Amino acid sequence: MSNWTLLGEARIPGTEQFIYLYQGKDDFSIKLARGQELMNSRKYGSEHALGEMPCQRLRNPTAAKVLIGGLGMGFTLAAALRSVGPQAEVTVAELVPEVVEWNRGPLGDRSGRPLDDPRTRVYVGDVVRLLKQSDRSFDVIALDIDNGPEGLTRTSNNWLYSLMGVVAAQKALKPGGILAYWSAEPDDDFHDLLKSCGLLVDQVRVFAHGKKGTRHTLWLATC
Ligand SMILES: C[S@@+](CC[C@H](N)C(=O)[O-])C[C@H]1O[C@@H](n2cnc3c(N)ncnc32)[C@H](O)[C@@H]1O
């Protein structure tokens, strides 16, 4: 990391782990302690798609209610805001308070400062907690809180990808709503789990950056 400057560090609530914000010559990186990169400001193709694709499938996106799980660098939030209408409300749940501060500060310009959009609501806390207290509340729930079904950030995040987690997310959706998940890798077991919950599931592969190279997986599951 020799050409990178450490701009901030934060403990991940509920763990002994830290995350770090670095600035390079042209980009930013959010990393975990062992150097694993959670997010890089140059690679946001699949994060955009996660915000955009489920909202574009809504019959009436004008006043849609959307929940984004994990702010990260704000790309998914920004894409969702671009895909819904003026009366929409997009809630972003972020576990680490410092990540919200970083987005209000040096990171914000990269994604177009979506936290300043009047349609944005910020929930600082565990998205699981918010899901459990929401009943038929959202038209879209888009989750990118970790690496996918195999969590990196917190082992408790794995719950979201379990049967109970999927059922809780389904209950938080309005009828006909769309549940979307991001993952670094395809996962047949998780795909089957979504289908076994009665969801209509599309698995799509999206480039991380540009039109070639690494691809990530999205599941778009309609209630
Ligand atoms: C990979 S990043 C999200 C990237 C984001 N899609 C973007 O467009 O930049 C994952 C984010 O989820 C947050 N997070 C992890 N576990 C969470 C949880 N249980 N609830 C809410 N946020 C969580 C992390 O702190 C991190 O900011």
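A pocket is here an open set of grid points, on a 1 Å grid over the protein atoms alone, with protein on both sides within 12 Å along at least five of seven lines. In this predicted model, the largest pocket has a volume of about 650 Å³.

## Pockets

The lining of the largest pocket comprises 35 residues, and those closest to its centre are Leu38, Met39, Asp144, Ile145 and Asp146. Three elements, β4, α2 and β6 (89–94), each give two or more residues to this lining. Strand β4 provides the largest share, with four residues. By residue class, the lining of the largest pocket divides into 17 nonpolar, eleven polar and seven charged residues.

The second largest pocket holds about 250 Å³ of space. Its lining has 13 residues, and Leu58, Arg59, Asn60, Asp139 and Gly176 lie nearest the centre. Here strand β9 (residues 173–183) gives the most, with five residues. The lining of the second largest pocket consists of five nonpolar, four polar and four charged residues.

## Salt bridges

A search of the whole structure finds seven salt bridges.

| Salt bridge | N to O distance |
|---|---|
| Arginine 121 and glutamate 89 | 3.7 Å |
| Aspartate 109 and arginine 113 | 2.9 Å |
| Aspartate 139 and lysine 174 | 3.3 Å |

The salt bridge between arginine 121 and glutamate 89 links distant parts of the chain, since arginine 121 belongs to strand β7 (residues 120–124) and glutamate 89 to strand β6, 32 residues apart. Both partners count as partly exposed: arginine 121 has a relative accessibility of 36%, and glutamate 89 has one of 24%.

Aspartate 139 and lysine 174 also form a salt bridge. Aspartate 139 lies in strand β8 (residues 138–143) and lysine 174 in strand β9, so the pair ties together parts that are 35 residues apart in sequence. Aspartate 139 is buried, with a relative accessible area of 16%, whereas lysine 174 is partly exposed at 27%. Aspartate 139 is also among the residues nearest the centre of the second largest pocket.

In the salt bridge of aspartate 109 with arginine 113, aspartate 109 is exposed, with a relative accessible area of 57%. Arginine 113 counts as partly exposed at 26% relative accessibility.

## Backbone at two arginines

Most residues other than glycine have a negative phi, and most peptide bonds are trans. Arginine 113, however, has a positive phi, near 55°. This residue is placed in the loop between α4 (108–111) and β7. Arginine 136 likewise has a positive phi, near 45°, and is found in the loop between α5 (127–132) and β8. Arginine 136 is exposed, with a relative accessible area of 56%.

## Aromatic contacts

A pair of aromatic rings is described by the distance of the centres and the angle of the planes. The structure holds six aromatic pairs. In one of them, the ring centres of tyrosine 20 and tyrosine 22 are 6.4 Å apart and the planes stand at 40°, so the pair is tilted. Tyrosine 20 and tyrosine 22 are both buried.

The rings of tyrosine 44 and phenylalanine 75 have centres 4.4 Å apart and planes at 20°, so this pair is stacked; the cut-off for that class is an angle under 30 degrees. Tyrosine 44 lies in the loop between β4 (37–40) and α1 (45–56), and phenylalanine 75 in helix α2 (residues 75–83), so the pair ties together parts that are 31 residues apart in sequence. Tyrosine 44 is partly exposed, with a relative accessible area of 32%, while phenylalanine 75 is buried at 3%.

One aromatic cluster is formed by Tyr161, Tyr181, Phe190 and Trp219.

Charged side chains also sit over aromatic rings at two sites named here. Lysine 132 lies over the face of tryptophan 159, at 4.6 Å from the ring centre. The charged end of arginine 215 is placed over the ring of phenylalanine 207, at 5.6 Å from its centre.

Definitions and conventions. Residues are numbered from 1 along each chain as its sequence is written. This is a predicted model: local features need pLDDT of at least 70, side-chain atom pairs count only at pLDDT 80 or more; totals for chains, interfaces and linings use all residues. Side-chain values use heavy atoms; hydrogens and water are left out. Rings of Phe, Tyr and Trp (its six-membered ring) pair if their centres lie within 6.5 Å; planes under 30 degrees apart count as stacked, over 60 as edge-to-face and the rest as tilted. Buried means under 20% relative accessible area, exposed over 50%, partly exposed in between (1.4 Å probe, protein chains only). A charge sits over a ring if NZ of Lys or CZ of Arg is within 6 Å of the ring centre and within 35 degrees of the ring normal. On a 1 Å grid over the protein atoms alone, a cavity is a set of points where a 1.4 Å probe fits but cannot get out, and a pocket is an open set with protein on both sides within 12 Å along at least five of seven lines; lining residues have an atom within 4 Å of a point. Grid points are joined across faces, edges and corners, and a volume is the space filled by probe spheres set on the points. Ala, Val, Leu, Ile, Met, Phe, Trp, Tyr, Cys and Pro count as nonpolar, Asp, Glu, Lys and Arg as charged, and the others, Gly among them, as polar. A salt bridge is a side-chain nitrogen of Lys or Arg within 4 Å of a carboxyl oxygen of Asp or Glu.
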